[in-house]
Amino acid sequence: MIVMAKVDGRQFASDLVVSHKSMIAEIARLAACTSANAAASAPTMDHESATLVAEWFERFARMVHHHHTAEDDDVFPLLAQRDTSFVDSRKALEEDHGALTVAMTAVATALAALRDDCAEPERTLRTRTLAARAADLHATLDAHLAREEAAILERMSRDLTTKDIAGFERKNFKRYNRHDIAWSVSWILESSHGADRDAMIKRVPWPLRAMHRLFWQANYRRLTAPLGPYRAAVK
Ligand SMILES: [Fe+2]
Ligand SMILES: [Fe+2]
């Protein structure tokens, strides 16, 4: 997660929840789209759509990888140092991150297969494989986010200082290249809604918001157009 202002532990925990909601919202879109596509008598995810979604997913997976690295290397060790009772939960969460890497790689592989030209019945098989992998990623991510929030939100609010969080932020900026930052700004502003989006807008410096409005938003929407509209029911 990239935090672009001075925040305390409570605000940091609140921002984490918004970033989690945005992650699951986008994977819910992917799962719904690929499931409908697999059930359709004439699947609509063609070579062009699969190419766009594969490019979007590559960036999404890289953002999630940065998010997990920040948790595993920065946030979790400090929480464990401040409260040793976090040890068991920490191990389970790190294992979840490993399982999510496997699930994301499976989706990327299935998308690449659908992007390549192939004839029936192979194409239908690949469409169904992608739907199954996306459903698995959705379930795995949903379970992880619930487990993580139960284990760390209260600890973050209680045990992390503004100085700790500024240290996380400095390390995060070294992880994200400028393309990752641009994409992450678009992702969080496009996939958060209502009060969550209002809170995120306050975190993003105005030059980046302007860049998003002028350039990055259109690209994010182009890549995610095949996923269809956002589902109102996402958490
Ligand atoms: Fe997380
Ligand atoms: Fe996590």
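This passage walks through the overall fold, the packing and a few local details of a single protein chain.

The model is a predicted one, so a look at confidence comes first. The mean pLDDT of the protein chain is 92, and 95% of its residues reach 70 or more. Going helix by helix, confidence is highest in α3, with a mean of 97, and lowest in α7 (residues 194-203), with a mean of 89.

Now for the fold. Along the principal axes, the C-alpha atoms fill a box of roughly 55 × 40 × 30 Å.

What sits inside? Buried residues make up 33% of the 235 residues in the chain. The largest nonpolar core has 40 residues, and the members that touch the most others are I27, V107, L111, A134 and L137. Two or more residues of this core come from each of α1 (9-39), α2, α3, α4, α6 and α8, with α1 giving the largest share, nine residues. Leaving aside neighbours within four places in sequence, I27 is in contact with L137, H138 and L141. Another core, of eleven residues, lies apart from the largest one; F12, L79, I152 and I165 are among its members.

Spanning residues 206-224, α8 has a kink of about 55° centred on W216. W216 is also one of the buried residues of α8, along with H212, Y220, L223 and T224. The cover over these buried residues includes α2 (47-82) and α6 (178-191).

One last local detail concerns the backbone. Most peptide bonds are trans, but a cis peptide bond joins E120 and P121, with omega at about 5°. P121 is placed in the loop between α3 (87-115) and α4 (122-159).

Technical notes
Residues are numbered from 1 along each chain as its sequence is written. Chains are lettered from A and ligands numbered from 1 in the order in which they are written. This is a predicted model: local features need pLDDT of at least 70, side-chain atom pairs count only at pLDDT 80 or more; totals for chains, interfaces and linings use all residues. The bend at a residue is the angle between axes fitted to the seven residues ending there and the seven starting there. Helices (H or I, at least four residues) and strands (E, at least two) are DSSP runs, numbered from the N terminus. A residue is buried if 20 or more other C-beta atoms lie within 10 Å of its own, exposed if 12 or fewer, and partly exposed in between; C-beta atoms are placed from the backbone. Two residues are in contact if their C-beta atoms, placed from the backbone, lie within 7 Å. pLDDT is the predictor's confidence in each residue, from 0 to 100. A nonpolar core is a set of buried Ala, Val, Leu, Ile, Met, Phe, Trp, Tyr and Cys residues joined through C-beta atoms within 7 Å.
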